[in-house]
Amino acid sequence: MAGFANQILVGKQVDEGRKLDYTGWLDYFRSNKSKYANLVMPQALMCRDKARNAALAATLARFQIGETGEGKHLKSQALKVEGPVYLETMDLFLREENNHADYLARVIGLLDGRLLKGHWTDAFFIVFRRALGLKTELFVLLVAEILGQVFYDCVAHSPEYEELSELFATIVADEKAHLEFHIQYLGLRMQETLPGTLGKVSRTILYAVWTAFFLAAMIVFIADNRRGLKATDTSCIDYVLNCLCLLENAGRRIF
Ligand SMILES: [Fe+2]
Ligand SMILES: [Fe+2]
């Protein structure tokens, strides 16, 4: 992933002024789905601890509903602001999220859990995402991406759910690419919209606002999903530290 990211970042980032070249990302998203063809889904799970399974299923259901959206608003913004190539890339990204939703639904079934029809945190994220323009929507989306990636990584490394390790490691690899995709876009556009010393001050303030929003979302997530984290044998502190690591990396490159 790092090599691919560098290639996009260095070689194909800017084309004709403010237009971006997404050819590399289009190729990436088009070919990426094929790796799921060889993935072996477990038919059952070894863990017989019903409370643990229920806790994990409940947290996964929160993320599952977030991965199901069609992204109509995001796509209309992508077309309006950046044009058809970015829209196509965004569409492929959203399809990848929908693919995650399908796999998560199957895992929730294995855990004897139930899918959610809606959840207030998801509605909250949607309202915030749509409040302003494309960049705001992506900033809010990044928060969910980081919280999700870190939790999926907890499942991938959970000793109680070794059968799910390959699936979740695969999803985590996708999520890493998603972060890279959005970080590259936001980094470029922030530098472009807010250049120079005055722009740097504005970007620093925006970074502080985004960090505050991230921390609030993370605290709400942990308060709501302590048992889900415990089900993967992850401490809240480890979850926080891993989230902060991704937050710092994203913030440094975007702002
Ligand atoms: Fe996802
Ligand atoms: Fe994602």
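This is a predicted model: local features need pLDDT of at least 70, side-chain atom pairs count only at pLDDT 80 or more; totals for chains, interfaces and linings use all residues.
The chain holds 11 helices and zero strands. V143 lies in helix α7, which spans residues 134-156, and takes part in the contact of α7 with α9.

**Chain overview**
- Along the sequence, the pattern reads α-α-α-α-α-α-α-α-α-α-α.
- Of the 255 residues in the chain, 36% are buried.
- Among contacts in the chain with a separation of 6 or more, 78% are between residues 24 or more positions apart.

**V143**
- V143 counts as buried because 23 other C-beta atoms lie within 10 Å, where the cut-off is 20 or more.
- Leaving out residues up to four places away in sequence, V143 touches F213, F214 and A217.
- V143 and W210 are 67 residues apart along the chain, and their C-alpha atoms are separated by 8.9 Å.

**Helix α7 against helix α9**
- Helix α9 covers residues 196-224, and its axis comes within 10 Å of the axis of α7.
- The two axes cross at roughly 40 degrees, so α7 and α9 are oblique to each other.
- The crossing in which α7 passes α9 is right-handed.
- On the α7 side, the contact is made by F139, V143 and L147.
- On the α9 side, the contact is made by W210, F213, F214, A217, M218 and F221.
- The residues of this contact of α7 with α9 comprise nine nonpolar, no polar and no charged.

Methods. Residues are numbered from 1 along each chain as its sequence is written. Chains are lettered from A and ligands numbered from 1 in the order in which they are written. Helices (H or I, at least four residues) and strands (E, at least two) are DSSP runs, numbered from the N terminus. A residue is buried if 20 or more other C-beta atoms lie within 10 Å of its own, exposed if 12 or fewer, and partly exposed in between; C-beta atoms are placed from the backbone. Two residues are in contact if their C-beta atoms, placed from the backbone, lie within 7 Å. Axes are lines fitted to C-alpha atoms, for helices over the stretch in contact, and angles run from 0 to 180 degrees between N-to-C directions. Angles under 35 degrees count as roughly parallel, over 145 as roughly antiparallel, 65 to 115 as roughly perpendicular and the rest as oblique. A crossing is left-handed if the near helix is turned anticlockwise from the far one by less than a right angle, and right-handed if clockwise. Ala, Val, Leu, Ile, Met, Phe, Trp, Tyr, Cys and Pro count as nonpolar, Asp, Glu, Lys and Arg as charged, and the others, Gly among them, as polar.
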